[in-house]
Amino acid sequence: MDKSLRKPVIAGNWKMNNTPEQTKALIEQMKPLVAGADCEVILCTPYIDLYAAMEAAEGSNIKIGAENCHWAEKGAFTGEVSAQMLKAAGVPYVIIGHSERRQYFGETDETVRDRVRAALNAGIKVILCVGEVLGERELGITDEIVRKQTKVALSGVSEAELANIIIAYEPVWAIGTGLTATPEQANEVCSVIRSLIAELYSKDASDHFVIQYGGSMNDGNAAELLAQYDVDGGLIGGASLVAEKFAKIVEAASK
Ligand code: PEP
């Protein structure tokens with residue numbers, strides 16, 4: 001068991017925040033603060049901000065991602081953006097299956113699976129979000145829920161393709177609420193996901209597979225969460241909108 005087999009990944013999820021101008025300003029602020037990072041640094045922005053973000057991040061260690069993509073290559077899907085379009089725009093990462101998409105926009109395990117497939121086919125790396133709602137945790141079915149979401153999303157994904165996927169374990173009750181899973185709770189579920197990867201693929205694949213925790217991670221609690229054996233990084237919402245806070249999380253992951 002060697003945690004150093006995996007390079008930590010800190011990714012920001014800006015959600016529906018920042019104009020292109022604000023995007024440039026925030027990335028300019030972040031660049032010097034994260035320049036010495038010994039981890040991957042990704043910022044996922046609204047579609048409208050992607051060009052501004054890539055331009056601002058050019059030449060730095062910050063990589064840019066989108067917050068979703070459609071499963072079809074093109075067609076009559078008003079308001080949607082395909083993985084092919086993201087690829088053509090030069091976007092290297094995409095978040096898929098975020099709980100806000102599942103909660104408010106009717107995404108299911110099956111549409112998440114199809115979006116993952118589309119992103120991989122287009123050559124875009126995926127941050128796949130899974131996690132239980134509070135009622136499911138209270139019923140004691142967290143592991144079952146997370147295993148099912150992961151299994152469906154990865155059905156059809158080969159072991160070679162796993163290198164292009166990160167899973168973010170995000171308990172829905174901890175997202176944007178200020179409630180954080182304890183380091184033990186976070187590690188427990190990340191470890192369930194790692195065991196599932198071993199079961200579905202191989203021990204080697206699971207040893208190298210990056211699993212993030214997300215849910216009110218901030219500059220105050222990041223170090224303890226990131227120190228857990230099965231937590232290889234974080235998906236950060238609110239704290240990724242403040243340069244100093246995000247930089248402190250990146251620093252914690254670099255130790
Ligand atoms: C998220 O949006 O993925 C998230 C974890 O948000 P927050 O950090 O604000 O809880």
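This is a predicted model: local features need pLDDT of at least 70, side-chain atom pairs count only at pLDDT 80 or more; totals for chains, interfaces and linings use all residues.

Visitor: Fine. Take R113, then: buried, exposed or partly exposed?

Guide: Partly exposed, because its relative accessible area is 27%, which lies between the 20% and 50% limits.

Visitor: Which residue does the R113 side chain meet in a salt bridge?

Guide: D114, with N to O at 3.0 Å. D114 is partly exposed as well, at 29% relative accessible area.

Visitor: What about salt bridges that share partners, which residues do they join?

Guide: R6, R194, D230 and D232 are joined into one network that way.

Visitor: Where is R6 in the chain?

Guide: R6 sits in the segment ahead of strand 1, which covers 9-13. R6 counts as buried, since its relative accessibility is 5%.

Visitor: Which contacts does the R6 side chain make?

Guide: One of them goes to the backbone oxygen of Y229, at 2.9 Å. Another is a polar contact of 2.8 Å with the side chain of D232.

Visitor: And R194, what element is that in?

Guide: R194 belongs to helix 8, where it is one of the buried residues. Others buried there include P183, A186, V189, L196 and I197.

Visitor: How does the span of helix 8 compare with what its residue count predicts?

Guide: It agrees: helix 8 has 18 residues (183-200), so at 1.5 Å a residue it should span 26 Å, and its end C-alpha atoms are 26 Å apart.

Visitor: Back to salt bridges. How many does the structure hold?

Guide: The count is 17. Among them is the pair R102 and D109, whose closest N and O atoms are 2.8 Å apart.

Visitor: Are R102 and D109 buried or exposed?

Guide: Buried. R102 has a relative accessible area of 17%, and D109 has 12% relative accessibility; the cut-off for buried is under 20%.

Visitor: Which residue pairs with E107?

Guide: R115, in a side-chain salt bridge at 3.3 Å, N to O. E107 is buried with a relative accessible area of 6%, and R115 counts as buried at 5%.

Visitor: Change of topic: the ligand. How many residues surround it, and which are the closest?

Guide: There are 14 residues around the ligand, and the closest are K15, E170, G176, S216 and G237. By type, the shell has four nonpolar, eight polar and two charged residues.

Visitor: How much of the ligand's area does the protein bury?

Guide: The protein buries 95% of the 290 Å² that the ligand exposes when taken alone.

Visitor: What are the phi values of K15 and S216?

Guide: K15 has a positive phi of about 55° although it is not a glycine. S216 also has a positive phi of about 55°, and it is not a glycine either.

Visitor: Where do K15 and S216 lie?

Guide: K15 is in the loop between strand 1 and helix 1 (20-34). S216 is in the loop that runs between strand 7 (211-214) and helix 10 (222-226). At 19% relative accessible area, S216 is buried.

Visitor: Two last residues. Is A160 buried or exposed, and where is it?

Guide: A160 counts as exposed, at 65% relative accessibility. Its place is in the loop between helix 7 (142-154) and strand 6 (165-169). Its C-alpha atom is 9.8 Å from that of Y201, which is 41 residues away along the chain.

Visitor: And I95, where is that, and buried or exposed?

Guide: I95 is in strand 4, residues 93-96, and it counts as buried at 1% relative accessibility.

Technical notes:
Residues are numbered from 1 along each chain as its sequence is written. Side-chain values use heavy atoms; hydrogens and water are left out. A salt bridge is a side-chain nitrogen of Lys or Arg within 4 Å of a carboxyl oxygen of Asp or Glu. Buried means under 20% relative accessible area, exposed over 50%, partly exposed in between (1.4 Å probe, protein chains only). A residue is near a molecule or strand if one of its heavy atoms lies within 4 Å of it. Accessible areas come from the Shrake-Rupley method with a 1.4 Å probe; for residues, only the protein chains shown count as cover. Ala, Val, Leu, Ile, Met, Phe, Trp, Tyr, Cys and Pro count as nonpolar, Asp, Glu, Lys and Arg as charged, and the others, Gly among them, as polar. Helices (H or I, at least four residues) and strands (E, at least two) are DSSP runs, numbered from the N terminus. The expected span of a helix is 1.5 Å times one less than its number of residues. A polar contact is a pair of N or O atoms within 3.5 Å; within protein, one must be able to donate a hydrogen and the other to accept it, and residues adjacent in sequence count only if both atoms are side-chain atoms.
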